[in-house]
Amino acid sequence: MKLLDRLALHQIDSVNVLSRAHYLPAFSRLGSYPRQALDSLAWGKPRRLFEYWAHEASLLPLDLHPLLRWRMARAERGEAGWKSLRAFRVERKAEADAALARIAAEGPLAASEFEAKGSGGWWGWSSAKAALEWLFLTGRITTATRRNSFERVYDLTERVIPGAILGLPAPGEADAQRELIRRSARAHGVGTARDLRDYFRLSPADGAARIDELVEEGALLPVQVKGWREAAYLHKDAKRPRGADGRALLVPFDPLIWERSRAERLFGFRYRIEIYTPAERRVHGYYVLPFLLRDRIVARVDLKADRQAGTLLVQAAWAEPDPPLDTAAELAAELRLMAGWLELKRVAVKPIGDLALGLGQEL
């Protein structure tokens, strides 16, 4: 919970080549921890987290719920969300109302349970899912749990979010956005205006206004970072350490690197996720994790969990320019730690990439 409070969110993604994305930032920072602990916080009782659209689909501490109600209200007014969903506000309102009524009467339901069963009904997967996502975006329903292949199960918000949280007053838009920028700045330490607003996907106009207000308040300090072309902002409580001893594999959805331009500014590290790139055009692999060692990103590895064989597969391993001499040894240690956390018995390295030989020898 201390980590979640500091980061403010864990992004959710359905990719499960290695592990679900929301489990990995905590592993990167804490090491081997029980994944069921995060499950319990997110979907157990008492619930400590909730799901909503923050950076993308995210798990967030409950105290952020009031800070995102302005976004729910905008969606309700048809001012936010995908255009394809806004039809449920007026033209297709009856479908959304029917879905809401069924959940109210029957309890938690997944989109698959709204599929037509050959009875002549007008519910189909796409229509049902779209209606449910519209209701989710407006805050009228939320995720009760997830099951099977990580399918979201919806219930009425008042039956999921504790009453003490729902009873908290909702701040005005400006106040809520200002607090979100404050949380973003706390997570970043230092960042550009784009970095700070992108954390919770605020618009350029909303972000700029709130940053100006926080500067005037003294919560953010305008600074110039050597090598950065854009102006930056330092959180007033941020401290610059004398050194760094980090060692971590970073998932593509980790807040340290999800803003690719920030990763390039901080580390001189150009990073692109290649999941959706045709295989013949991939440079580094399908699901590539950067390897942070001390204060540098020194390597990247394409990883896959072969659960049937009990093996963590290193599909490719690549060093960054001028890697430290202990890169392969430290990466091997981190891969062993990850394999143990994923309950895999071994690590295997394919001979692809300029670091593969050295890494294989270390393992």
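Guide: Met338 touches Leu18, Leu24, Phe27, Leu249, Leu289, Leu303 and Leu312, leaving aside residues up to four places away in sequence. Contact here means heavy atoms within 4.5 Å. The model is predicted, so local features need pLDDT of at least 70 and side-chain atom pairs count only at pLDDT 80 or more, while totals for chains, interfaces and linings use all residues. Residues are numbered from 1 along each chain as its sequence is written, and side-chain values use heavy atoms, with hydrogens and water left out.

Visitor: Which residues touch the most other members of the largest nonpolar core?

Guide: They are Leu18, Tyr287 and Met338, in a core of 101 residues. Helix H7 gives the most to this core, with 8 residues. A nonpolar core is a set of buried Ala, Val, Leu, Ile, Met, Phe, Trp, Tyr and Cys residues joined through side-chain atoms within 4.5 Å. Buried means under 20% relative accessible area, exposed over 50%, and partly exposed in between, with a 1.4 Å probe and protein chains only. Helices (H or I, at least four residues) and strands (E, at least two) are DSSP runs, numbered from the N terminus.

Visitor: And what lies apart from that core?

Guide: Another core, of 9 residues, lies apart from the largest one; among its members are Phe269, Tyr271, Leu292 and Ile297.

Visitor: Turning to charges, how many salt bridges are there?

Guide: The count comes to 33 salt bridges, each being a side-chain nitrogen of Lys or Arg within 4 Å of a carboxyl oxygen of Asp or Glu. One of them pairs Arg152 with Glu133, with the closest N and O atoms 2.7 Å apart. Arg152 belongs to strand S6 (residues 151-156) and Glu133 to helix H7 (residues 125-137), so the pair ties together parts that are 19 residues apart in sequence.

Visitor: Is that pair buried or exposed?

Guide: Both Arg152 and Glu133 are buried. The two also take part in a network of salt bridges that links Glu51, Lys129, Glu133, Arg146 and Arg152.

Visitor: What about Arg159 and Asp155?

Guide: Their side chains meet in a salt bridge at 2.8 Å, N to O. Arg159 counts as partly exposed at 41% relative accessibility, whereas Asp155 is buried at 6%.

Visitor: Where do Glu179 and Arg182 lie?

Guide: Both are in helix H9 (residues 173-188), 3 residues apart, about one turn of the helix. Glu179 and Arg182 form a salt bridge, with the closest N and O atoms 2.9 Å apart. Arg182 is partly exposed, with a relative accessible area of 24%.

Visitor: How do H9 and H11 cross?

Guide: The axes of H9 and helix H11 (residues 204-217) come within 9 Å and cross at roughly 75°. That makes H9 roughly perpendicular to H11, a label for angles of 65 to 115 degrees. Axes are lines fitted to C-alpha atoms, for helices over the stretch in contact, and angles run from 0 to 180 degrees between N-to-C directions.

Visitor: Which residues make the contact?

Guide: H9 contributes Ala174, Gln177, Arg178, Ile181 and Arg182, and H11 contributes Asp206, Arg210, Ile211, Glu213, Leu214 and Glu217.

Visitor: One last topic: how many residues of H4 are buried?

Guide: Helix H4 (residues 69-76) is mostly covered, with 6 of its 8 residues buried. Those are Arg69, Trp70, Arg71, Met72, Arg74 and Ala75. Gly78 follows H4 and has a positive phi, near 80°.

Notes. Parallel < 35°, antiparallel > 145°, perpendicular 65-115°, else oblique.
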